[in-house]
Amino acid sequence: MVKVNLWGSLRSATGGLTEVEVDAKNTGEMLKALAEKYPALDEIIEGGVSVAIDGLIYKEAWFTPIRPDSEVVLMPYMKGG
Amino acid sequence: MSKIHVSTSINGDAVEYLCDPSETLLDVLRNRVGLTGAKEGCGSGDCGACSVELDGRLVCSCLVLAAEAEGKEVSTVEGLADGDKLHILQQKMLEHAALQCGICTPGILVAAKALLEKNPDPTETEVRYWLAGNLCRCTGYDKIIRAVMDAAAEMRGA
Amino acid sequence: MVTEYKEGAAGTEYSKRDFKVVGTRPPRPDGVDKVTGRALFGADLTAPGMLHATILRSPHAHARIVSIDISGALALDGVKAVVTSNDFVKQGSSGNQDTLDNCMARGKVFYDGHAVAAVAAVSVKVANEALKLIKVEYEVLPHVTDVDAGMLDSAPVLHEGRKFRNIPEGNNANVSGYWEFGHGDTDAGFAKADIIVERSFKTAATHQGYIEPHATLATMGPDGRGEIWACTQGHYMVRDMAAAFVGMDTSQLRVTPSEIGGGFGGKTTVYLEPVALALAKKSGRPVKMVMTREEVFRASGPTTSSSTDVKIGMTKDGRITAGQAKLRYQGGAYPNITAMLGAMTAFAAYDLDAVQTLAWNVLTNRPKQAAYRAPGAPMAIYAVESVVDELCQKLDLDPIDVRLMNAAKKGTLSSYGPTFDEIGLVATLEAAKAHPHYAAPLGPNQGRGVSCGFWFNFAGNTSVSMGINEDGTVSVIEGNPDIGGSRASISMMAAEELGIPFDKVRTIVGDTNSIGFNDVTDGSRVTFSVGLATIKAARAAIKNMCGRAAQVWGIDADAVDWVDGAAVPMGHNAGEFPPMTLAEIAKDSAKTGGPIAGHHEVNADGAGVSFGVHLVDVEVDPETGFTEIKRYTVFQDAGKAIHPDYVEGQMQGGAVQGIGWALNEEYIYGEDGKLQNAGFLDYRIPVASDLPMIDAVILEIPNPGHPYGVRGVGETGIVPPLAAVANGVSHAAGVRMTELPMSPPRILAAIDGAK
């Protein structure tokens, strides 16, 4: 199981939680498991998210491995100038 | 409306063109003569990207009618280098990395050349005020000012 | 399978090395073209048989389009095609549809300057005549342009019936985005504070102000194949958008980027290109479009304006106990995420136990905002850094010491979620504190301002290809428009990795058919991502060359290493054969297996965040309210500066854009909802005589995610100046300034108000 931290405004999709647990070994599995467990997150994940694993931000990289003790943060999709 | 026939000199070459009475010198340089070094950043004389010299006077070519060039001498950025030898100002702009995107560079070079013709030993403040009509959004002007000061020093020594 | 991707995992890339090329300052490869006038920018290209097109724009801030009659325009001699929104294809995603609707209004006009129709004709003059013959019937609607007014229940609704995701109850129909970030218990944090300062701030919308107006040249034949030449930060983006909007396959549209005359984020979207392509399709002729400066201001994206409340608690000795910010941004008539980025960055410089940021985006009758250098961060950090400064002032504490005491560092849980890896904030603050600028005496009416700044930096999709030529030189193709000298830095990284001199490498920016896909030049990503891909492409070529040498020598490929630009036998073969240089291997390439090339494609990660600290001394004239910048010093972590001149250039340029934002620049709207200062005379960007030299101090705290330690440097520089200048002015004027720009009338009013 990995602990996933969500940004605050996603609480409405998880019944008030900002930290949830899912079973996943990489980013793709994690996103899939999140969408299954919390259907309201599906649309948000489909719309594009970033994932920070142990402090590094990844964009849509399905095969990035996640260790059980990794710090995992779901972040909104970001864009610069 | 009939066109106006103009005989002029551009960077030392005799040039003739036909232009509309309402056409600017910048339009003619870019669209009829094929010299696209002068840029249009605003069309209202506020940015200096279209700077050229007209009989030795620094002007915004977007504010000069093409017909006004009759019998005059026009100098543009394309006339700055001597064949394959760059002008000292051009060399110094490169040495000091005084350009990023480069869109303002032709205007800055023409304006700086006009300054150094009048004042070969300008202070930093004089360079800053002279170039105040040439907008640059990339560099913060620091390296441009250094390049012009350095070019002036080298030209005085040369 | 998972471990296959390990090599691409960020955080594992950096290794310390001695550089030969990286860190030097060679002349830029595009320099001579740019000082001789030979470089071709967006408006510099012509094509045989070319038409010129211009755009009819809305005179209203908000109106329903009842009807458009183009028959008069079509009847005019010399007019070859007219398009309206009917000539474009409906889009599947709301984001693309918004971009298309912004290029050509559909049903409603949302702002003064919104495009309604376009005409292609034999000259600009004829096209403009034809615009006057287009009859548009409007039903004028009430409008709103201010961010706070836009959030009132009484505000006119822009997109009736459109639902936006995740908007809490109690917000009106113009709120298109809402975000929350943070951690810890802020109530408990504020309870621990000895002092709490709570203030509200406003910032005006500013424009990127690139000197080159948007320009494009499009062709499309009856065979359905198209070509676009455009000044853009991303030609693959132009290709994908324009092809989707006119309804063609991307493979049939080739986009070639011109030299780009500044972008700063403003050229990361499309305005003219799909319109020119649609007109070219209809007329069968090449179509050129160039915006006037007025059009650039009225119809291309400025940044957002903002209204922010900040509350920070501090102990007497300077420890921040809690921080909270409520950020309200407006970015024009379509949804955007700039407020979200503001909420994420607001407190990024601090190591906090309790922090909360809430952000709203509200739609208004202004042009669709575009990214502007670290979008969202400057105005958020301006508000936070102003309050931190006021707390220091009230507690009589040194502003750099307080920032050092609270600074984010490796292991800090960031205010936006993840825990920081190696970051350079503390080193940057220490450098600022130790600099002579910080100890220099101040004169009368002068004040010194300090501010931190932060930007994430992004990476993303990147492709690079390089050919090893038979004469021992190297040709590199990258796919990101060179906006600040990246062809120089990419050539330098290729030369470094291959072990050859800089002048043996030439890098070009290819068109969309040259190499694989590339994200736009944004997020300070190019030196990082394209550099990373270039190094990996060079490594692929090196592997190939080592194999060639091994075959020639008759030894195992594994027994060959690459040292200083040559293949060298290793292990028990060491010294058996003289090194075989790149040029020697390349010369015989046809005989040893054919052309040698290297390429790399990646969706890069691990960009590495960047922090900066700015110091400024200002002098405020109490009679006129005029502010003069007396001295300015920028400190920024570059990870590794590939070409230090261009790193300094980014820091200096960003600082000066921020100074303009702080002191002069502002979109001014009248009661009628029309932009009142759409020109460089009335929208005044900093000129040479406004400024002193801008000292730039580069720090190098290597980014673990890049082989050479590179961090993006393009954006962070615009973040600190707003607060740095505001703090300096507040000290000089003796009154806390809370609204940007701090134009002389505003400063005078504040001084008078404080009396």
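Colleague: How many residues does the contact take from chain C and from chain A?

Modeller: The contact takes 40 residues from chain C and 26 residues from chain A. Two residues are in contact if their C-beta atoms, placed from the backbone, lie within 7 Å. This is a predicted model, where local features need pLDDT of at least 70 and side-chain atom pairs count only at pLDDT 80 or more, while totals for chains, interfaces and linings use all residues. Residues are numbered from 1 along each chain as its sequence is written, and chains are lettered from A and ligands numbered from 1 in the order in which they are written.

Colleague: Which element gives the largest share of the side of chain C that touches chain A?

Modeller: Strand 7 of chain C, with 5 residues. Helices (H or I, at least four residues) and strands (E, at least two) are DSSP runs, numbered from the N terminus. By class, that side of chain C has 20 nonpolar, 13 polar and 7 charged residues. Ala, Val, Leu, Ile, Met, Phe, Trp, Tyr, Cys and Pro count as nonpolar, Asp, Glu, Lys and Arg as charged, and the others, Gly among them, as polar.

Colleague: And chain B with chain C, how many residues are in contact there?

Modeller: 42 residues of chain B are in contact with 40 residues of chain C. On the chain B side, helix 2 (88–95), helix 3 (105–118), helix 4 (124–130) and helix 5 (142–157) are the elements that give two or more residues.

Colleague: What are the scores of the model?

Modeller: ipTM is 0.98 and pTM is 0.97. Chain C has a mean pLDDT of 96, with 99% of its residues at 70 or more; pLDDT is the predictor's confidence in each residue, from 0 to 100.

Colleague: Where in chain C is the pLDDT below 50?

Modeller: Over residues 1–10 of chain C. In the model that stretch has 13 contacts beyond near neighbours in sequence.

Colleague: Switching to sheets. What is the strand order of the open sheet in chain C?

Modeller: The order of its 7 strands is 3-5-1-12-9-10-11, with mixed pairing. Two strands pair if DSSP finds at least two bridges between them. Strand 3 (79–83) and strand 11 (253–257) of chain C are the edge strands, each pairing on one side only. Within the sheet, strand 9 (residues 215–220) and strand 10 (residues 226–230) of chain C pair in the antiparallel sense over 5 bridges. Leu217(C) has Trp229(C) in strand 10 of chain C as its bridge partner.

Colleague: Chain A now. How many residues lie between strand 3 and strand 4 of its hairpin?

Modeller: There are 2 residues between them, and Asp54(A) in the turn has a positive phi of about 50°. Strand 3 (residues 49–53) and strand 4 of chain A pair in the antiparallel sense over 4 bridges. Ala52(A) stands opposite Ile57(A) in strand 4 of chain A.

Colleague: Which way do the residues of strand 4 of chain A point?

Modeller: Leu56(A) and Tyr58(A) point one way, Ile57(A) and Lys59(A) the other way, and all are buried. A residue is buried if 20 or more other C-beta atoms lie within 10 Å of its own, exposed if 12 or fewer, and partly exposed in between, with C-beta atoms placed from the backbone.

Colleague: Last one: how many helices and strands does chain B have?

Modeller: Chain B has 5 helices and 5 strands, running β-β-α-β-β-β-α-α-α-α from the N terminus on. Of the 158 residues of chain B, 58% count as buried.
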